[in-house]
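Q: Can we go through the rings and the helix packing in this one? Start with whatever term comes up first.

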Amino acid sequence: MSARAPRTYDRSVRVLVLQHIACEPPGVFEDVLLGRDAELYRVELDEAEPLPDWRPFDAIVAMGGPMSVNDHADLPWLADEKRAIGEAVRAGKPYWGVCLGVQLLAASLGARVYPGTQPEVGLLPVDLTDEGRADPVFGPVQRDLLTLQWHGDTFDLPAGAMRLASSPAYANQAFRFERAYGVQFHLEVSAEMAREWAEVPEYVASLERTLGAGGAPAFLAEIEENADAMRSEGRALFERWLDRVALAV
C-alpha cells in the first residue's frame with residue numbers, strides 16, 4: 001500500500017511555537033509544518049519575548065526546556081504562559097506539548113507538577129494504554145515505542161484527560177485533553193540537536209548527576225545513532241495529530 005499523501009488546506013496554517021531554550025526547537029515537527037507551508041510564529045520565552053494573543057493561531061506547539069513549570073519566582077513569565085495555555089486549550093485550540101510542554105499543559109489544566117522519585121533519562125520504551133491504542137493519533141504506534149527521556153519532574157493526570165502512554169518509571173507519559181496532546185518524551189531530536197545539547201553546561205551537568213561522570217558522551221552518541229528512527233516515528237505521530245485532530249474539519 002502506498003503512503004497517504006499529506007493533506008492540503010485551502011489556506012496557510014498559522015502555528016504559535018513556544019520555545020524555552022534555543023537548542024530545543026520543534027525539530028522534525030517543524031519539518032512537517034514547513035512541508036505543509038505553515039506559517040510559524042516562534043516565541044523565545046526564556047529570552048523575554050512577549051507572548052502574543054493565542055486566538056489568531058490555528059494551533060500551538062510548546063517545546064521543552066531546562067526549567068520547571070514551578071519556577072515562578074525566577075521566571076515570572078511562566079504564570080502568563082500557563083494561563084494562556086489553559087485558556088486556549090479549554091477554548092478548543094489544538095495544542096501539541098513536548099516534555100516541559102506537556103507539564104505546562106498539565107499545570108494549566110489544574111494538575112500538580114512535581115519532582116519524580118528519580119530522573120528518567122535514556123532511550124527507553126513507552127507502552128500504549130488501551131485508550132492510546134484506540135486513539136486516532138497514537139493507535140498506529142508500535143507497541144514498545146522507543147523514546148528519548150530526559151526529565152526529573154512528572155505530573156498528575158488532569159481531570160477530564162485521557163492517559164495514552166506509560167513507562168515503568170512514570171505512569172503519565174502522554175495524554176489527551178480534547179484537542180490538546182502532550183508527550184513527556186522526545187521524538188523530534190536530530191543528531192545535530194543532540195550535539196548542540198552537548199554544548200549546554202546545564203544539560204551536561206544534569207546528565208552527569210544522573211548517569212555519572214563520563215555518562216553524557218555515551219548517551220548523546222546513543223541519541224545520534226537512533227535519531228533517524230525516532231524522528232520517523234515522531235513525524236508520523238505529529239502528522240496524524242495535524243490531520244486527524246488539529247486541522248480536521
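A: Buried means under 20% relative accessible area, exposed over 50%, and partly exposed in between, with a 1.4 Å probe and protein chains only. Tryptophan 96, at 1% relative accessibility, therefore counts as buried.

Q: And what is the basis for the numbers?
A: This is a predicted model: local features need pLDDT of at least 70 and side-chain atom pairs count only at pLDDT 80 or more, while totals for chains, interfaces and linings use all residues. Residues are numbered from 1 along each chain as its sequence is written, and side-chain values use heavy atoms, leaving out hydrogens and water.

Q: How many aromatic pairs does the structure hold?
A: Ten. Rings of Phe, Tyr and Trp (its six-membered ring) pair if their centres lie within 6.5 Å; planes under 30 degrees apart count as stacked, over 60 as edge-to-face and the rest as tilted. One of the pairs is phenylalanine 29 with tryptophan 96, edge-to-face at 5.7 Å centre to centre and 75 degrees between the planes.

Q: Where do phenylalanine 29 and tryptophan 96 lie?
A: Phenylalanine 29 is in helix H1 (residues 28-35) and tryptophan 96 in strand E4 (residues 95-98), so the pair ties together parts 67 residues apart in sequence. Helices (H or I, at least four residues) and strands (E, at least two) are DSSP runs, numbered from the N terminus.

Q: Is phenylalanine 29 buried or exposed?
A: Buried, at 2% relative accessibility.

Q: What about phenylalanine 238 and tryptophan 241, how are their planes set?
A: The planes are at 35 degrees and the centres 5.3 Å apart, so that pair is tilted. Phenylalanine 238 and tryptophan 241 both lie in helix H7 (residues 215-246), three residues apart, about one turn of the helix. Both are buried.

Q: Which residues do ring pairs link into a cluster?
A: Phe29, Trp96, Phe138, Tyr181, Phe238 and Trp241.

Q: Switching to helices. At what angle do the axes of H1 and H7 cross?
A: Roughly 50 degrees, and the axes come within 9 Å. Axes are lines fitted to C-alpha atoms, for helices over the stretch in contact, and angles run from 0 to 180 degrees between N-to-C directions. H1 and H7 are therefore oblique to each other; under 35 degrees counts as roughly parallel, over 145 as roughly antiparallel, 65 to 115 as roughly perpendicular and the rest as oblique.

Q: Which residues meet there?
A: Among them, Phe29 and Val32 in H1 and Phe238 and Leu242 in H7. Contact means heavy atoms within 4.5 Å.
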